[in-house]
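Subject: Structure handover

Hello,

Here is the structure for you to look through. Please open it first, then read my notes below with it on screen.

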Amino acid sequence: MTPDNVYMHLVENAPFNMGKNKVYSGVAGNLVAFACKLSFQHGTDGYVSFRAKTILIDHYVKKLGAIHYGGHLLVLDTKAALNLLNKYKL
């Protein structure tokens, strides 16, 4: 069976890069955009799936364009992937 998406097992920021006093902005988004790039390179049309902590689900829907499929499962489709690639210039 051929995979139809890239699955991200874990995406986390370092403790010094969280909250209002974080050192770098956009780290997680950039990592997700890179996963989208890999998805296109592997022929899965930018589709990326991942599981999110409950408190971050709405954030990922709003900021990344993820689709919430229920529970903790989120998916980025081709449109969301292209938006991220353009935003992070990948």
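**What I found**

Asp45 sits in the loop between α1 and β2. (Helices are DSSP runs of H or I with at least four residues, strands are runs of E with at least two, and both are numbered from the N terminus.) Its phi is near 55 degrees, a positive value in a residue other than glycine. Asp45 counts as partly exposed because its relative accessibility is 48%. (Buried means under 20% relative accessible area, exposed over 50%, partly exposed in between, with a 1.4 Å probe and protein chains only.)

Before going on, note that this is a predicted model: local features need pLDDT of at least 70, side-chain atom pairs count only at pLDDT 80 or more, and totals for chains, interfaces and linings use all residues. Residues are numbered from 1 along each chain as its sequence is written, and side-chain values use heavy atoms, with hydrogens and water left out.

**The loop and the end of the chain**

Thr44 is also placed in the loop between α1 and β2. Is Thr44 buried or exposed? At 9% relative accessibility, Thr44 counts as buried. Leaving aside neighbours within four places in sequence, Thr44 is in contact with Pro3, Asp4, Asn5, Val6 and Ser39. (Contact means heavy atoms within 4.5 Å.)

Lys89 lies in the segment after α3. Lys89 is not a glycine, yet it has a positive phi of about 55 degrees. Its relative accessible area is 71%, so Lys89 is exposed.

**The sheet**

Now the strands. Four of them form an open sheet with mixed pairing, in the order β1-β2-β4-β3. (Two strands pair if DSSP finds at least two bridges between them.) β1 and β3 stand at the edges with a single partner strand each, so one side of each has no neighbour in the sheet.

Take the pairs in turn:

- β1 (residues 6-8) and β2 (residues 48-51) run parallel, joined by three bridges. Tyr7 has Ser49 in β2 as its bridge partner. From β1 the chain crosses through helix α1 (residues 27-41) to β2, and this β-α-β crossover is right-handed. (That is, with the strands pointing away from the viewer, the path from the first strand over the helix to the second runs clockwise.)
- β2 and β4 (residues 73-76) pair in the antiparallel sense, over four bridges. Arg51 has Leu73 in β4 as its bridge partner.
- β3 and β4 run antiparallel, joined by two bridges. His68 stands opposite Leu74 in β4.

α1 packs on the sheet and touches β1, β2 and β4. Its direction makes about 155 degrees with that of β1. (Axes are lines fitted to C-alpha atoms, for helices over the stretch in contact, and angles run from 0 to 180 degrees between N-to-C directions.)

Look at Arg51, in strand β2. Arg51 counts as exposed because its relative accessibility is 52%. Leaving aside neighbours within four places in sequence, Arg51 is in contact with Tyr7, His72 and Leu73. Arg51 and His68 are 17 residues apart in sequence, and 9.7 Å apart in space, C-alpha to C-alpha.

**Helix α2**

α2 lies across β2, β3 and β4, at about 5 degrees to β4. Which residues of α2 (residues 57-64) are buried? They are Ile57, Tyr60 and Leu64. These cover an arc of only 70 degrees around the axis, which puts them on the same side of α2. (The arc is that of the directions from the helix axis to the C-beta atoms.) On the other side, Asp58, Lys62 and Lys63 are exposed. The cover over the buried residues of α2 includes α1, β2, β3 (67-68), β4 and α3 (78-87). Just after α2, Gly65 takes a positive phi of about 80 degrees.

**The core**

The largest nonpolar core has 19 residues, and Phe50, Leu76 and Leu84 touch the most other members. (Such a core is a set of buried Ala, Val, Leu, Ile, Met, Phe, Trp, Tyr and Cys residues joined through side-chain atoms within 4.5 Å.) β1, α1, β2, α2, β4 and α3 each give two or more residues to this core. α1 gives the largest share, four residues. Not counting residues up to four places away in sequence, the residues that Phe50 touches include Tyr7, Tyr60, Leu64 and Leu76.

Best wishes
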